[in-house]
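Colleague: Hi! Could you walk me through this model?
Modeller: Happy to, here it comes.

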Amino acid sequence: MGKNKVKMNIGGSNFVIVSDESEAYTRSIGQEIDSKISQLMKNNPDLSAMKAAVLVAFDYCDKSRKEIDASESLRNQIKVSFETSAKVQFELEKLKDDNDKLKKALTKLKTENKKS
């Protein structure tokens with residue numbers, strides 16, 4: 001997919017965003033950021049657009065790091081689950097093999113018992 005150039009206004013400033021993502025996706029990101037900045041400035045009239053943008057960026061960075069940490073934790077949990085599953089599968093195969101050996105030994109003993 002080629003680069004898309006999307007013109008938009010975010011926090012009172014005009015931008016041309018160059019992205020590999022679709023125009024609709026890029027616009028939705030820009031609108032979300034603009035909405036957050038506008039809401040902050042509405043709730044804090046003395047806040048400049050620059051400070052509001054920094055606070056929005058800080059909030060998104062915080063959320064991103066927390067999501068990355070949560071994803072890594074889930075990956076580790078999945079890895080441990082797969083490792084545990086492999087160990088259990090190995091033990092199951094060993095128990096099946098032991099069970100087969102015991103069945104054969106029992107059959108042999110039954111046969112020997114019938115002969116005596």
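Predicted model: local features only at pLDDT ≥ 70, side-chain atom pairs only at ≥ 80, totals over all residues.

Colleague: In what order do the elements run from the N terminus on?
Modeller: Starting at the N terminus, the chain goes β-β-α-α. That comes to two helices and two strands; helices (H or I, at least four residues) and strands (E, at least two) are DSSP runs, numbered from the N terminus.

Colleague: Got it. What radius of gyration does the chain have?
Modeller: The chain has 32 Å, whereas a compact globule of 116 residues would be near 13 Å. The radius is taken over C-alpha atoms, and the globule rule is 2.2 Å times the number of residues to the power 0.38. Along its principal axes, the C-alpha trace spans about 100 × 35 × 15 Å.

Colleague: And how much of the chain is buried?
Modeller: Buried residues are 9% of the 116; buried means under 20% relative accessible area, exposed over 50%, and partly exposed in between (1.4 Å probe, protein chains only). The accessible surface is about 9,900 Å², with 57% of it belonging to carbon and sulfur atoms. Those areas come from the Shrake-Rupley method with a 1.4 Å probe, and for residues only the protein chains shown count as cover.

Colleague: What share of the contacts joins residues at least 24 apart?
Modeller: Among contacts between residues at least 6 apart in sequence, that share is 13%. Contact here means heavy atoms within 4.5 Å.

Colleague: Let's zoom in on Thr-26. Where does it lie, and is it buried or exposed?
Modeller: Thr-26 lies in helix α1, residues 23–43. Thr-26 counts as buried because its relative accessibility is 6%.

Colleague: Which residues does Thr-26 touch?
Modeller: Leaving out residues up to four places away in sequence, Thr-26 touches Val-6, Met-8, Ile-17, Ser-19 and Glu-21. Taking Met-8 from that list, the C-alpha atoms of Thr-26 and Met-8 are separated by 9.5 Å, with the two residues 18 apart along the chain.

Colleague: Switching to charges: how many positive and negative side chains are there?
Modeller: There are 22 positive and 18 negative, and the centres of the two sets lie 6 Å apart. Lys and Arg count as positive and Asp and Glu as negative, without His and the chain ends; each charge is placed at NZ of Lys, CZ of Arg, CG of Asp or CD of Glu.

Colleague: How many salt bridges does a search of the whole structure find?
Modeller: Six, where a salt bridge is a side-chain nitrogen of Lys or Arg within 4 Å of a carboxyl oxygen of Asp or Glu. One of them joins Lys-63 and Asp-59 at 3.3 Å, N to O. Those two are four residues apart in helix α2 (residues 49–115), so about one helical turn separates them.

Colleague: Which partner does Asp-62 have?
Modeller: Asp-62 forms a salt bridge with Lys-66, their closest N and O atoms being 3.2 Å apart. Both lie in helix α2, four residues apart. Asp-62 is partly exposed at 30%, whereas Lys-66 is exposed at 53%.

Colleague: And Lys-101, what does it pair with?
Modeller: Lys-101 pairs with Asp-97, at 3.4 Å between the closest N and O atoms. Lys-101 is exposed, at 52%, and Asp-97 is partly exposed, at 38%.

How values were computed
Residues numbered from 1 in each chain as written. Heavy atoms only, no water.
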